[in-house]
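Here is a guided walk through a protein assembly, taken one part at a time. Keep the viewer open and follow along as we go.

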Amino acid sequence: MRYLIALIFALWGAVASAQDWEDRRVFNPGASGPVLRILSSTDTAIFAPLIDAFVQDNPTVGVEYFVTNTGDIDRRFRATPKGFDIVVSSAMDLQLKLANDGFALALRDVDHPPWAQWRRSLFAFTAEPAAIVINKAAFAGHAVPQTRQDLIAALRERPEQFRGRVGTYDVRQSGLGYLFATQDSRASETFWRLMQVMGGLDMRLYCCSGAMIDDLTDGTIAVAYNVLGSYAAARADGADAVQVILPSDFQTTMMRTAMVSAQTGQRDAARLFILHLIAPTTGADVLPLPPLPSGTSDRGTIALEPALLTFLDKLKRQKFLSEWEDAVIQQ
Amino acid sequence: MKFLLVEDSEALAHAVSSRMRQDGHVIDHAANLADARAFVAGTEYDLILLDIMLPDGDGRAFLKQHRASDLDTPVIVLTARSQVSDRIDSLDLGADDYITKPFDHAELEARCRAVLRRTSGQAQTTIAMGGLVFDPVAGQLTVRGQDVALRNRELRLLEVFLNAPGQLFSKQKLTDRLFSFDHDVSENAIEVYVGRLRKHLEQSDLKITTFRGLGYRLDHG
Amino acid sequence: MDDVAISGSLRQRLMFGLVLGAAVLGVILFFAVRSYATQVAQRGQDGILAASAASILDAASVRGGVVDLDIPISAFTMLSTPADDKVFYAVRQDGAFLTGYRDLAGPAAGDGGQARMQSFEFQGDPVRAVTASRTLIGLQTRSAITVTLAQTQDALAVTLQQISRNAAFLGFGFFALAVALSYVAANAAIRPLERLTDSVARRGPQDLSPFEKPVPAEMGPLVGSLNSLMGRLDMSLQQSEDFIAEAAHRVRTPLATVRSYAEGMLQRVDRAENRTAVRSMVRAIDESSRAAGQLLDHAMITFRADHLESQQIDLVDLVQTQVTQLSPIADMKDLELRLHADGAVPCQGDAILIQNAVRNLIDNALKYAPAESVVDLTVTATPRPTVVVRDQGQGFPPDNLDTLALRFQRGDNAKGTIGSGLGLTIAQDVAQAHGGSLVLANQDTGGACVTLSL
């Protein structure tokens with residue numbers, strides 16, 4: 001059974017890579033100068049204002065913005081590092097590994113706090129906590145869970161209400177989902193209990209946050225775990241229907257990172273874009289995403305350090321995924 | 001007066017001695033320090049004329065020794081050196097005066113007189129003759145109890161006459177005795193001094209007689 | 001110093017040697033400290049790499065013949081560095097690649113799986129790598145797990161840079177301190193030499209006694225030579241002084257004899273021409289002896305003027321002594337020397353020189369003053385210590401007032417008077433050596449007026 005599922009996902013991944021992008025948009029199409037090809041996991045709608053401002057400041061530069069999920073970004077970029085100038089992703093571990101493996105260009109003169117960058121080649125520009133997001137309607141008349149324990153209790157209390165209506169990332173596909181899951185597993189055993197409970201309720205698995213939030217907004221699912229709350233809130237269409245809960249037992253905060261491809265042909269323009277991205281006035285303030293804390297990193301923020309490589313180890317990943325599947329996929 | 005001349009040059013000693021004797025002084029001559037010490041030990045002198053460079057030592061050593069002893073005989077150093085430091089050296093060692101060789105006899109005489117006058121408190125030898133008393137050292141003349149002030153050349157002229165009363169002195173000889181060699185003096189200058197001396201002797205029994213063309217003589221009565 | 005050939009400076013040489021030594025030591029210190037600190041830092045990184053590799057090996061186990069490897073997070077956490085060093089790893093089972101970076105090939109592990117270190121380049125970065133292995137024993141299987149762990153050396157490079165900078169500071173600090181100490185040491189070493197120089201310079205012109213103050217051993221030979229040189233100089237000076245004295249004695253004594261005889265002869269000679277001849281002879285003798293005397297005096301004064309032996313003297317006292325000395329000569333001409341002074345006139349000067357000058361001035365006055373006249377000596381203290389000598393002679397010839405004090409110049413009216421012409425020169429030299437002057441003038445009433453001021 002395990003092999004079958006693996007096969008299905010492998011085929012699906014191949015199809016996904018062959019198919020077109022989640023989204024693709026060209027900014028400043030008539031630009032006389034270079035065209036920056038940005039590979040990103042962030043929705044165009046969220047990123048567009050920032051890029052618009054960028055091309056306004058640099059009218060000669062054009063931007064071609066590709067959106068796909070984090071796992072796909074890693075595969076595509078490793079396959080054709082020359083094809084993209086900038087990689088923006090929420091999967092810190094994959095980004096770090098790309099940088100570790102020499103795919104990132106070091107920008108020696110770009111100044112950024114040490115905890116928010118790695119080797120001056122990977123630059124963080126947001127700090128987004130993973131959240132429990134609920135459809136308000138599903139919890140009408142019930143206490144809103146504040147911790148994972150609360151959530152487990154709520155799910156156990158009303159299993160029929162939630163059967164087939166809980167969702168989280170498919171960690172096998174989503175790099176960000178894998179990152180959150182592994183970091184959660186490091187933090188607390190509660191994660192595994194929650195996975196078992198959710199697995200027992202025929203949990204839906206999503207490749208991408210967009211789809212998951214769509215389902216949550218229209219009430220297809222009532223609870224989404226480890227969603228980027230801010231991301232959900234940023235999607236204006238369903239903001240009223242959902243409630244974002246930052247669990248008070250412990251938080252896992254991801255930093256969105258960007259890097260310049262080591263093989264870029266647009267070194268100067270790429271550098272300008274990174275500067276534009278990390279400067280609070282032109283970057284974080286424009287994005288509808290939580291900015292980096294000033295000063296030091298908050299507790300719970302995933303550190304940009306080699307430890308992120310651990311869960312990317314082939315054997316460790318296999319082991320983690322098999323445990324995860326054992327917990328989630330119950331016969 | 002009794003002098004001791006310490007001088008190793010026989011010739012100079014002879015020349016000086018004869019001049020001193022001519023002036024009526026008694027003079028002993030020592031040719032070296034050893035003799036000089038022997039003379040000083042045996043005889044009392046009025047004045048010692050001491051040469052500095054002697055065959056058996058430095059005259060200054062003798063001087064020092066002499067001053068260390070109880071004797072207070074005045075010493076005039078005869079020095080061949082003219083350096084000031086050397087003169088002062090001699091004076092520091094107790095010489096009463098010094099005279100540089102070669103010297104004018106008149107200057108030597110003058111210095112001897114000056115030293116004797118300075119060192120001996122009262123008259124030692126006086127000449128009394130014809131109503132006058134003369135102290136050659138002090139240069140004092142008393143005529144019938146009256147002090148008479150004499151100038152140096154008058155005094156020396158008187159001394160010359162008193163040393164040889166009744167002897168005829170030519171103008172030349174008197175000029176030679178009275179004047180040193182650094183000036184040309186006409187022989188007639190002596191007439192002025194003879195004239196002055198006559199005046200001083202008016203009250204005495206002595207008179208100076210003029211012998212025209214020959215000179216002068218001191219006569220008694 | 002002006003005419004000494006200077007070749008380098010002892011102090012500079014000493015300083016140069018010490019500073020050069022300090023520089024060499026500073027550089028050696030820099031390299032030694034850096035090399036040692038580098039080793040320590042490298043050992044630190046090696047230690048962490050080895051520990052990390054060991055923790056990975058510890059996490060490996062065999063389960064049912066299959067190797068199970070759960071790399072502990074701490075294994076990579078501990079490799080975190082401030083410079084965000086890259087980390088590469090490879091795990092092999094019996095040589096077959098298991099996980100990590102397939103291309104990474106480190107050194108072979110030592111016997112018994114001991115960790116071995118190696119530095120090489122991986123993916124374009126210089127890395128430090130460790131390989132360690134461990135044998136896992138299952139039920140039927142034995143397999144060797146080998147872990148190769150590599151890390152870039154950016155943090156180490158930063159550390160080394162800091163170490164280099166600190167070592168450079170240390171080396172330079174040492175150098176600067178050593179230079180300061182060298183300066184002090186060089187000065188201390190030179191000081192006895194300076195003291196000796198000082199003591200030589202301060203000596204009086206006649207002081208040729210040996211140096212007796214203790215000096216450092218190295219200066220012993222110099223001072224010894226100096227003392228022996230001065231001894232010889234003293235002896236030769238003594239000898240030449242003795243020689244001059246002896247020569248003067250030998251010459252002047254016969255002259256004195258001749259003069260005495262000539263004087264005696266004059267009294268026995270009556271013929272005018274013979275008398276003139278004898279007088280000329282006596283005057284020639286006087287002139288030559290006086291000239292010789294003044295020449296010697298002048299030479300002595302020129303010598304002393306360069307090395308003034310300044311002392312406190314009373315000018316009145318000094319002039320009085322000269323008056324006493326010269327009064328017999330004045331008496332001979334029935335001249336009176338009159339000293340006018342109100343109290344003592346203290347001044348600084350070389351007593352011997354001033355005595356000589358005053359004596360020459362009085363001598364001059366005595367020579368030119370007419371018989372039975374007065375020579376007035378006035379000593380005053382203000383504005384400067386001054387001796388004025390006035391006589392009642394003819395005075396100076398007005399035409400050559402300016403040149404009279406020049407060497408061997410005699411006044412036009414000096415005919416018939418014995419003199420060498422050096423008397424006024426001597427007085428002027430003495431005045432100038434004391435920063436004063438000699439002014440010649442004629443009085444309105446006739447007669448010369450010579451003003452010697454110091």
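Two strands count as paired if DSSP finds at least two bridges between them; helices (H or I, at least four residues) and strands (E, at least two) are DSSP runs, numbered from the N terminus. This is a predicted model, in which local features need pLDDT of at least 70, side-chain atom pairs count only at pLDDT 80 or more, and totals for chains, interfaces and linings use all residues. Residues are numbered from 1 along each chain as its sequence is written, chains are lettered from A and ligands numbered from 1 in the order in which they are written, and side-chain values use heavy atoms, with hydrogens and water left out.

Let's begin in chain B. Strand S14 (residues 215–220) of chain B runs antiparallel to S12(B), and two bridges join them. One residue pair to look for is B:Leu168 with its bridge partner B:Arg217 in S14(B). The whole open sheet has three strands in the order S12-S14-S13 (chain B), with antiparallel pairing. Strand S12 (168–169) and strand S13 (206–211) of chain B each have a single partner strand, so one side of each is left without a neighbour in the sheet.

Helix H6 (residues 152–163) lies across S12, S13 and S14 of chain B, at about 65° to S14(B). Helix H8 (residues 189–200) of chain B also packs on the sheet, touching S13 and S14 of chain B, and its direction makes about 150° with that of S13(B). Here, contact means heavy atoms within 4.5 Å, while axes are lines fitted to C-alpha atoms, for helices over the stretch in contact, and angles run from 0 to 180 degrees between N-to-C directions.

Next, turn to chain A. Helix H8 (residues 190–200) of chain A has eight buried residues out of eleven, where buried means under 20% relative accessible area, exposed over 50%, and partly exposed in between (1.4 Å probe, protein chains only). Among the buried ones are A:Phe191, A:Trp192 and A:Met195. Their cover includes helix H5 (148–157), strand S8 (166–169) and helix H12 (314–328) of chain A. Just after H8(A), A:Asp202 takes a positive phi of about 50°.

Finally, chain C. This chain has eight helices and 14 strands, and buried residues make up 44% of its 454 residues. Among contacts in chain C between residues at least 6 apart in sequence, 63% join residues at least 24 apart.
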